[in-house]
Amino acid sequence: MKIELSNTLKNVPENVFYPIFKLISEESSSNKPLLNAGIGVPDSDTPELLLETLEKAIRKPENMRYGAFDGKETLLNEISIWLKETYGIDADPKDEIALVFGTKSGLSSVPSVLLNKDDTVLLPVPSYPDYIQGIALAQANYEEIQLKEENNYLVDYSSIPSNLVEKGKLIFLNYPSNPIGAVATKEFYEETVSWAKENSVIVVQDHAYSDFYYNEGSSPCFISTPGAKDVGIEFFSFSKNFSISGLRIGFAVGNKEIIEGLRVYNSIFHANIYGAIQDTVVTALKNHKQLTSNIKDTFKNRIEKITNKLDELGYSYFKPEGSIFIWLKVKEGFDSQSFFELLLKQYRIVTMPGHVFGSGGENYIRVSLSLSDTQIDTLLAKLEQLNKDLEK
């Protein structure tokens, strides 16, 4: 008997990173080491305090039994406190916060929660590729909205064609952005709320890199904007901030109806997040400032060191105000794939070609800042050598 997969699954685009990782895997099998500037998670070790909490929490009998679908009250309450202290947001833990199995899972599930077959999503690009897979699972469509450097890679709502605005039911935002490192402003979010209300478009803001913000204060927050809860939700990740990406946990905050939809979706497909993980995150939030105090200075110093050398070498790039990436323009005569392969095969540097992040990325690569000082020195030396080789 021949078994065929469903059309729903067949229509989900292949993970764009798969062929890239395959190439990297092939190159890693050689004896020459690779410098990984392609990784999308911070390079710091998990704080000892969190490891100790996790070790104790797995021995709690309550954590070896089924837990509440919506999560522990202790964690939901702690998230509410953290949001108030950090962003001035009043969020009711009972109906305005939903736990998710990592922001990737949450963001991928939102289209199935909110969209019907053939609904249209407005997708600013370049952007995180996994939004597209969630849209496909919902059997919806998307229209790309080009982000431009001259607008600091913020959405220019006035430039979106009226026919697309009329079709659009949802828009994804991502600031600080992956792959570019652009950051939104308070004024931009105010404009977003006004535009969304006027055009009845739901806003989903991906704030996974909330602590990776290099200006003064906290990263601008969508849900702290007056009226934002009327039009959308915002996702936060614990993975990046606390170096616990393997635990797969984050949350969404905002509009009550959307939050309820996410909770229903989670109850059907995921049940509850492991209690020991939730206990660990409670400890993380209670010690947030202590555990994340070095992030801003560490990554800001890395940015300065790398971009100073890039200036010397004549590279064009977007200097990030947030996230953990530099959006680097490829050398003349290359596109993102060919430049990625040159760096990988000849100079043993792993990056990410810009084309995987959608149109607008064809002439860029994404370089991760998750590198030690020694690794940064090696990276810059290799880029300098590449310059010399291209001049021959």
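## Basis of the model

The structure is a predicted model: local features need pLDDT of at least 70, side-chain atom pairs count only at pLDDT 80 or more, and totals for chains, interfaces and linings use all residues. Residues are numbered from 1 along each chain as its sequence is written, and side-chain values use heavy atoms, with hydrogens and water left out.

Helices (H or I, at least four residues) and strands (E, at least two) are DSSP runs, numbered from the N terminus. Two strands pair if DSSP finds at least two bridges between them. Contact means heavy atoms within 4.5 Å.

## The seven-stranded sheet

Seven strands make up an open sheet with mixed pairing. Their order is E2-E8-E7-E6-E5-E3-E4. Strand E2 (97-100) and strand E4 (141-146) are the edges; each has a single partner strand, so one side of each is left without a neighbour in the sheet. On average, neighbouring strands are turned by 20° against each other, direction ignored. Axes here are lines fitted to C-alpha atoms, for helices over the stretch in contact, and angles run from 0 to 180 degrees between N-to-C directions.

Within this sheet, strand E6 (residues 202-206) pairs with strand E7 (residues 232-237) in the parallel sense, over four bridges. Val204 has Ile233 in E7 as its bridge partner. Helix H4 (residues 73-87) packs on the sheet and touches E2, E7 and E8. The direction of H4 makes about 115° with that of E2. Helix H8 (residues 186-199) also packs on the sheet, touching strand E3 (120-125), strand E5 (168-174) and E6. The direction of H8 makes about 170° with that of E5.

## The four-stranded sheet

Four strands form an open, antiparallel sheet in the order E9-E10-E13-E12. Strand E9 (317-318) and strand E12 (352-353) stand at its edges, each with a single partner strand, so one side of each lacks a neighbour in the sheet. E9 and strand E10 (residues 325-329) run antiparallel and are joined by two bridges. Phe318 stands opposite Trp327 in E10. Helix H14 (residues 295-313) packs on the sheet, touching E9 and E10, and its direction makes about 10° with that of E10.

E9 and E10 form a hairpin with six residues between them. In the turn, Ser323 has a positive phi of about 70°. On to the next pair: E10 and strand E13 (residues 364-368) are antiparallel over five bridges. Leu328 faces Ile365 in E13. Four of the five residues of E10 are buried, so E10 is largely enclosed by the rest of the structure. Buried means under 20% relative accessible area, exposed over 50%, partly exposed in between (1.4 Å probe, protein chains only).

Helix H3 (residues 48-57) has Leu50, Thr53 and Ala57 as its buried residues. They cover an arc of only 60° around the axis, which puts them on the same side of H3. That arc is taken from the directions from the helix axis to the C-beta atoms. An α-helix has 3.6 residues a turn, so residues three or four places apart point the same way. On the other side of H3, Glu48, Glu55 and Lys56 are exposed. The buried residues of H3 pack against helix H10 (239-242), helix H12 (275-286) and helix H13 (288-292).

Ile244 sits in the loop between H10 and strand E8 (250-254). Ile244 is buried, with a relative accessible area of 6%. Leaving aside neighbours within four places in sequence, Ile244 is in contact with Thr46, Leu50, Phe238, Ser239 and Val281.

## Ser109

Ser109 lies in helix H5 (residues 103-114). Its relative accessibility is 3%, so Ser109 counts as buried. Beyond neighbours within four places in sequence, Ser109 is in contact with Leu262 and Tyr265.

## Helices H15 and H16

Helix H15 (residues 336-347) and helix H16 (residues 373-391) pack at an angle of about 105°, with axes 12 Å apart. H15 and H16 are therefore roughly perpendicular to each other. The classes are: under 35 degrees roughly parallel, over 145 roughly antiparallel, 65 to 115 roughly perpendicular, and the rest oblique.

From H15, Phe339, Leu342, Leu343 and Tyr347 meet Lys382, Leu383, Gln385, Leu386 and Asp389 in H16. By class, this contact has six nonpolar, one polar and two charged residues. Ala, Val, Leu, Ile, Met, Phe, Trp, Tyr, Cys and Pro count as nonpolar, Asp, Glu, Lys and Arg as charged, and the others, Gly among them, as polar.
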